[in-house]
Amino acid sequence: MIINTVTGACGKVTPTNTSPRCLRKTCGLHKARNKRGDQMRFIHIADLHLGSSPEAEFLWGKNRAEEIWDSFAAVIDACNEKEIDLLLIAGDLFDRPPVWADLDRAAKLFARLTATEVVMIAGASDYITEDSPWKTYPWQSWVHMLSDKHCMNVQLGNINTSVHGCSYYGPTE
C-alpha cells in the first residue's frame with residue numbers, strides 16, 4: 001500500500017497500518033468535526049481490478065467482469081448507508097491502465113456518494129502512463145486522485161484530514 005499516513009486537524013500523524021481510533025481518543029478536534037458527533041468512519045479498498053474477466057472461459061466466469069463492477073457499486077452504496085467520511089482506494093481499482101470510458105464509469109458511481117470524500121492512487125496494474133487520463137480526468141470535487149509518482153497530499157478540510165501518498169508510474173515502480 002502506498003498511502004502512508006493520515007494527519008488529523010491536531011497535526012498528529014498516524015500510520016495507516018494502525019487504528020486511527022488510537023489517535024482520535026486523544027484529540028477532541030476530530031469528534032467536533034463529525035456531524036454525527038462520533039469518530040471518523042472510513043473504508044479502505046484496493047485491488048478491485050475493474051475490467052478484468054477472471055475465468056471468463058468457464059461458465060461460472062461468464063458474468064464475472066460485471067459482478068466486479070457490481071461489487072464496487074456495493075462499496076459506494078455502503079458508504080452512503082453507513083455515513084462513511086472517507087473512501088481510500090489504494091491502487092489497482094482497474095485491471096490495466098484505464099481509458100477515459102473506465103474513468104467515466106467510475107465517476108458515475110462516485111456521483112452517487114452523498115457525503116463521502118474519495119482519495120485514490122494508481123497501482124501496479126492501473127499505473128499512470130505518459131498520456132494517461134488519470135492525469136487530466138475532471139473528477140467530482142469530492143474525488144481526489146494522488147497522481148504524482150512522488151509523495152503528495154490532499155487536505156480534506158471538511159473532515160479535518162490530510163492523506164499522503166503517491167501513484168505507480170509503471171507496473172513495478
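**Entry 1: cysteines**

I began with Cys166, which counts as buried because its relative accessibility is 17%, under the 20% cut-off. This is a predicted model, so I read it with its confidence in mind. Next I looked up Cys151. At 54% relative accessibility, Cys151 counts as exposed. Are the two sulfurs close enough for a bond, or too far? They are too far: the sulfur of Cys166 lies 5.9 Å from that of Cys151, its closest cysteine sulfur. I found zero disulfides in the structure.

**Entry 2: confidence**

I checked the pLDDT of the protein chain. Its mean is 83, and 77% of the residues reach 70 or more. Where is confidence lowest, and where is it highest? It is lowest in helix α1 (residues 20-24), with a mean of 40. It is highest in helix α4 (residues 100-110), at 98. Residues 1-5 form one of them, with 28 contacts in the model beyond near neighbours in sequence. Residues 7-33 form another, with 49 such contacts. Where pLDDT is low, the predicted coordinates should not be read in detail. I left those contacts there.

**Entry 3: the sheet**

I turned to the strands. What is their order in the open sheet? I read β3-β4-β5-β6, four strands with parallel pairing. β3 (42-45) and β6 (143-145) stand at the edges. Each has a single partner strand, so one side of each lacks a neighbour in the sheet. From one strand to the next, the twist averages 15 degrees.

**Entry 4: around β4**

I followed β4 (residues 86-90) to its partners. With β3 it pairs in the parallel sense over four bridges. There, Ile45 has Ile89 of β4 as its bridge partner. With β5 (residues 117-121), β4 pairs over five bridges, again in the parallel sense. Leu87 stands opposite Val118 in β5.

Are the faces of β4 covered or open? Both are covered. Leu86, Leu88 and Ala90 are buried on one side, and Leu87 and Ile89 on the other.

**Entry 5: the crossovers**

I looked for the helices that link these strands. Helix α3 (residues 64-81) lies across β3 and β4, and runs at about 165 degrees to β3. Together, β3, α3 and β4 make a right-handed β-α-β unit. The chain then crosses from β4 through α4 to β5, and I noted this β-α-β crossover as right-handed too. α4 is also the helix where I had found the highest confidence.

Conventions: Residues are numbered from 1 along each chain as its sequence is written. This is a predicted model: local features need pLDDT of at least 70, side-chain atom pairs count only at pLDDT 80 or more; totals for chains, interfaces and linings use all residues. Side-chain values use heavy atoms; hydrogens and water are left out. Two strands pair if DSSP finds at least two bridges between them. Helices (H or I, at least four residues) and strands (E, at least two) are DSSP runs, numbered from the N terminus. Axes are lines fitted to C-alpha atoms, for helices over the stretch in contact, and angles run from 0 to 180 degrees between N-to-C directions. Contact means heavy atoms within 4.5 Å. pLDDT is the predictor's confidence in each residue, from 0 to 100. A disulfide is a pair of cysteine sulfur atoms within 2.5 Å. Buried means under 20% relative accessible area, exposed over 50%, partly exposed in between (1.4 Å probe, protein chains only). A crossover is right-handed if, with the strands pointing away from the viewer, the path from the first strand over the helix to the second runs clockwise.
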